[in-house]
Amino acid sequence: MTARRIRPSPASAKPGDTIDLPHLPGLALLWCLMDIDIVSVFPEYFDVLKLSLLGKAQDNGLVRISAHNLRDWTHDVHHSVDDTPVGGGAGMVMKPEVWGECLDELLGMEPGPGTDGSGGGTAVSSASKATDAGDLVLIFPNPSAALFTQRDAAELSHAKRLVFGCGRYEGYDARIPEYYRAQGVDVREYSIGDYVLNGGEVAVSVMLEAITRLLPGFMGNPESIVEESYTGGNALLEYHQYTKPALWRTLAVPDILLGGDHGKVDRFRRDEALERTSAIRPDLIEALDCQQLDKADRKTLMALGWEVSQAHPRLVGQPRRPSATD
Ligand code: SAM
């Protein structure tokens, strides 16, 4: 297992800020903005996090990631982490005792009652003392939890430390998150979509990437995370993006993007974002604050069948069927 240490972050840094990262290994300690632990029965899975921008962020000391093998906290010869479901049913469920020992250690808590097998005792928790509220978040991916969104990613990018627990089999014993919540730990359970994966590893990778790219200094150009899909108060889907050549296999880039008139380009993109969002994610249009819409936004939305005189837009025309190819 890797030694764990929570590193200080620059007091003034906020997601969206630009930081010129020093490339001196000694200074890296001072600049670590986020400390991440992942617990899984397949810790090798997270080798991919050494690639690309996340790999660079670790090299620069901006993020520290440690993947731990849950089986390191087992005591039996088979290193078993699962058992049959109480009440019957198919499959296996992850045992609370193993997770308990693992998380007590990672979170710097006193071992909980019954850890020695006695099954009782007084709960002595130092979780609330070991971590300031908001600094540490314990996250379990779970298909039957609330959906993880860009808003959650933005909120979690302010945490100093994240600990992820990857479920497998039929999932983990429900008392694991319940116990740590009762000890004052900020515990979250998130689904990454309405489908079931074999384990939490993919879900953790998804959440990690969404969260860490919002850290100050993570992106080479911090502007690139400002105007993105789902981002900001009045979030929309992004407009279509194009690069050169202007003509490719008979398909031309829209003329307006080539004209050099930035005002017209902005309006064209904004209208395209409204059109795409209306067709694909009308729920995002319904959530818009009409007060924040300018005259041209209102005109475009009205042409798309939305009524914009109330607090939020309301569809009055025939809704366009969402399509994967829009
Ligand atoms: N029996 C569970 C159910 O029906 O809801 C599914 C368990 S799944 C096979 C095993 C583990 O994969 C879960 O505990 C969770 O950690 C992870 N997982 C699977 N699908 C997920 C999703 N859509 N979002 C987040 N985590 C997921």
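Analyst: Happy to! Strands (E, at least two residues) and helices (H or I, at least four) are DSSP runs, numbered from the N terminus. Please keep in mind that this is a predicted model: local features need pLDDT of at least 70, side-chain atom pairs count only at pLDDT 80 or more, and totals for chains, interfaces and linings use all residues. Residue numbers start from 1 along each chain as its sequence is written.

E5 and E7 run parallel and are joined by 7 bridges; two strands count as paired if DSSP finds at least two bridges between them. Helix H6 (residues 175-182) packs on the sheet, where it touches E5 and E7, and its direction makes about 150° with that of E7. Such angles run from 0 to 180 degrees between N-to-C directions, with axes fitted as lines to C-alpha atoms, for helices over the stretch in contact. A contact here means that the C-beta atoms of two residues, placed from the backbone, lie within 7 Å. Helix H7 (residues 201-212) also packs on the sheet, touching E1, E2, E5, E6 and E7, at about 175° to the direction of E1.

Now for the sheet itself. It is open, has 5 strands in the order E2-E1-E6-E5-E7, and its pairing is parallel. Strand E2 (63-69) and strand E7 (186-191) are at the edges with a single partner strand each, so one side of each lacks a neighbour in the sheet. On average, and ignoring direction, neighbouring strands are turned by 25° against each other.

Next comes E6. Strand E5 (residues 136-147) pairs with E6 in the parallel sense over 4 bridges, and Leu138 has Val163 in E6 as its bridge partner. Strand E1 (residues 34-40) also runs parallel to E6, joined by 5 bridges; here Asp35 stands opposite Arg161. Of the 5 residues of E6 (residues 161-165), 4 are buried, so the strand is largely enclosed by the rest of the structure. Buried means that 20 or more other C-beta atoms lie within 10 Å of a residue's own (12 or fewer is exposed, in between is partly exposed; C-beta atoms are placed from the backbone). Over the chain of 326 residues, 31% count as buried.

Finally, E5, helix H5 (residues 150-156) and E6 form a right-handed β-α-β unit: with the strands pointing away from the viewer, the path from the first strand over the helix to the second runs clockwise.
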